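Hi,

Here is the structure I promised to pass on. Please have a look at it first, and then read my notes below.

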Amino acid sequence: MPVCPMCRMLAAGLLTVALGLCAGCASDGHLNLFGYTTAPTYDCDIRTVYVPIFDNVSFRRGLEFDLTRAVVREIEAKTPYKVVNCRDKADTELIGKIVGRRKQLINVNQLGETRDAEVVLAVELQWNDLRPGHLGESLSRAENASKEDPLSPNKLDPYAPRGKKAKDPNIILVQPTTHFIPELGGSVASAERQLIDRLAVQIVSMMEKW
């Protein structure tokens with residue numbers, strides 16, 4: 001019985017798709033096809049993270065507690081990792097330090113009041129491996145940073161003496177910036193809240209494998 005041309009085309013298409021899927025199947029069982037993959041973006045060999053309260057050497061006290069809570073919340077919501085409260089039971093340790101907070105006036109109104117201003121937070125980060133055989137290794141990945149607010153171990157620290165770079169190449173500096181307009185209800189407190197939320201997202205993105 002002759003086969004219709006449409007059936008032949010359908011069978012050829014299905015065969016092509018099947019061959020493509022087989023070719024894109026990696027040894028770990030995940031698909032890698034046309035630049036896309038079904039593999040998880042986080043290292044599944046890591047299960048637990050210890051996040052001590054971030055240090056804060058800026059003049060704005062209390063930010064370290066809000067930032068630590070936001071990071072813990074983001075890790076547990078977006079990653080397969082579990083945050084533990086004991087360093088000895090953790091696979092990794094995420095250390096953070098708020099090294100600077102700056103408010104800068106952008107524009108004023110006719111009465112000399114603030115019309116537009118910006119707030120910057122500078123935070124140093126270091127993600128360390130605590131697993132046997134990997135103890136002391138750095139997991140910090142600057143290449144996973146947002147292009148808008150790049151994380152870079154070689155970026156100059158504006159809060160340090162001019163020309164001074166990070167002491168440890170494994171320490172990553174992230175400096176998000178946000179604007180606020182008092183006439184529209186913005187304030188320093190709301191700007192800092194936005195910065196903390198952005199920092200938490202960026203820090204967790206840094207923890208991805210790629």
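Among contacts in the protein between residues at least 6 apart in sequence, what percentage join residues at least 24 apart? The figure is 67%, where a contact means heavy atoms within 4.5 Å.

Some background before the rest: this is a predicted model, in which local features need pLDDT of at least 70, side-chain atom pairs count only at pLDDT 80 or more, and totals for chains, interfaces and linings use all residues. Residues are numbered from 1 along each chain as its sequence is written, and side-chain values use heavy atoms, with hydrogens and water left out.

The protein has three helices and nine strands, in the order α-β-β-β-β-α-β-β-β-β-β-α along the sequence. Both kinds of element are DSSP runs numbered from the N terminus (helices: H or I, at least four residues; strands: E, at least two).

Of the 210 residues, 37% are buried, meaning under 20% relative accessible area with a 1.4 Å probe and protein chains only; exposed is over 50%, and partly exposed lies in between. C44, at 47%, is therefore partly exposed, and so is C86, at 26%.

Helix 3 is worth a look. Buried residues in helix 3 include V188, L195, L199 and I203. The buried residues of this helix pack against helix 2 (63-78) and strands 6 (92-108), 7 (114-129), 8 (172-174) and 9 (177-180).

Best wishes
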